[in-house]
Amino acid sequence: DSHVQIEDLAVGRYIVVRGQNKRFFCMVNDISLNTTNAQIESDPPDISDTFLAEIYSGTVAYSIITVTPMLVIDENNPLPVKTIPAHFTQAFNATEEDVNNVFGAEDNIHFNVGSPLELQETNINLNLKRLVERSIGVFGKSGTGKSFLTRVLMAGVINRNIGVSLIFDMHNDYGWEITSEGESKVKGLRQLFPERVVI
């Protein structure tokens, strides 16, 4: 849609594609610009004329977002994706209700780990019982908050009494306390759960 501002989209945002019978819960993986005429890149038109800008936008010059279907929401139950939506199916930003249909509400099993991009009022609640059934890993670039997220997950597992962990903590990220990037002290697992954590 030529009226959608590409700057309002972001990689990592949740998208819902509403098919005829199913809703596809997707994530934006890539955003790019494209044209139907390669000459427009070397000789751009004068878009100070708003009429010309509207003609070029969405026809000659357009944006592409690449989304990956993550789940199918069928009658509010998330299921694995085994198909894709048809051509010309409309896509929308995921609402708070869409996200909650996938992640559930916070309770004695679901544990809040934060909010997605640009949906600060929406909570991501992981099912910790299912999370600890298999091996898991937290991956990311340096400085993206892996240690803090891991501490939050382990605190949830300990608090909900769902699992037992043996942690090899070479950088002392989880023990007594750690200093955040803002130079403030953050409690470690031993301070949070003195009766249940042994160093």
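# Chatting about contacts and rings

Q: Leaving aside its neighbours within four places in sequence, which residues is Thr-150 in contact with?
A: Thr-150 is in contact with Val-138 and Tyr-174, once neighbours within four places in sequence are left aside. Keep in mind that this is a predicted model.

Q: Is Thr-150 buried or exposed?
A: Buried, because its relative accessibility is 18% and the cut-off for buried is under 20%.

Q: What lies 2.8 Å from a polar atom of the side chain of Thr-150?
A: That would be the backbone oxygen of Lys-146.

Q: OK, what about Leu-153, where is its place?
A: Leu-153 is in helix H5.

Q: And how buried is Leu-153?
A: Leu-153 has a relative accessibility of 10%, so it counts as buried.

Q: Which residues is Leu-153 in contact with, leaving aside its neighbours within four places in sequence?
A: With those neighbours left aside, Leu-153 is in contact with Val-113, Leu-126, Leu-131 and Val-138.

Q: How many residues apart in sequence are Leu-153 and Leu-126?
A: They are 27 residues apart in sequence, and their C-alpha atoms are 9.0 Å apart in space.

Q: New topic! How many aromatic pairs does the structure hold?
A: There are 2 aromatic pairs in the structure. One of them joins Tyr-14 and Phe-103, with ring centres 6.2 Å apart and planes at 50°.

Q: Why is that pair of Tyr-14 and Phe-103 called tilted?
A: Because the planes of the two rings are at 50°, and planes under 30 degrees apart count as stacked while those over 60 count as edge-to-face.

Q: Which parts of the chain does the pair link?
A: Distant ones: Tyr-14 is in strand S1 (residues 14-18) and Phe-103 is in helix H3 (residues 96-103), 89 residues apart.

Q: Is Tyr-14 buried or exposed? And Phe-103, buried or exposed?
A: Tyr-14 is buried, with a relative accessible area of 15%. Phe-103 also counts as buried, at 16% relative accessibility.

Q: Which residues do ring pairs link into a cluster?
A: Tyr-14, Phe-25 and Phe-103 are linked into a cluster by ring pairs.

Q: Last one: which ring does the charged end of Arg-18 sit over? And the charged end of Arg-151?
A: For Arg-18, the charged end sits over the ring of Phe-92, 4.4 Å from its centre. For Arg-151, the charged end sits over the ring of Phe-148, 4.5 Å from its centre.

Key: Residues numbered from 1 in each chain as written. Predicted model: local features only at pLDDT ≥ 70, side-chain atom pairs only at ≥ 80, totals over all residues. Heavy atoms only, no water. Phe/Tyr/Trp six-rings, centres within 6.5 Å; stacked < 30°, edge-to-face > 60°. Helix = DSSP H or I, 4+ residues; strand = E, 2+ residues; numbered from the N terminus. Buried < 20%, exposed > 50% of the residue type's maximum accessible area, 1.4 Å probe, protein only. Lys NZ or Arg CZ within 6 Å of the ring centre and 35° of its normal. Polar contact = N/O pair within 3.5 Å; in protein donor to acceptor, adjacent residues only side chain to side chain. Contact = heavy atoms within 4.5 Å.
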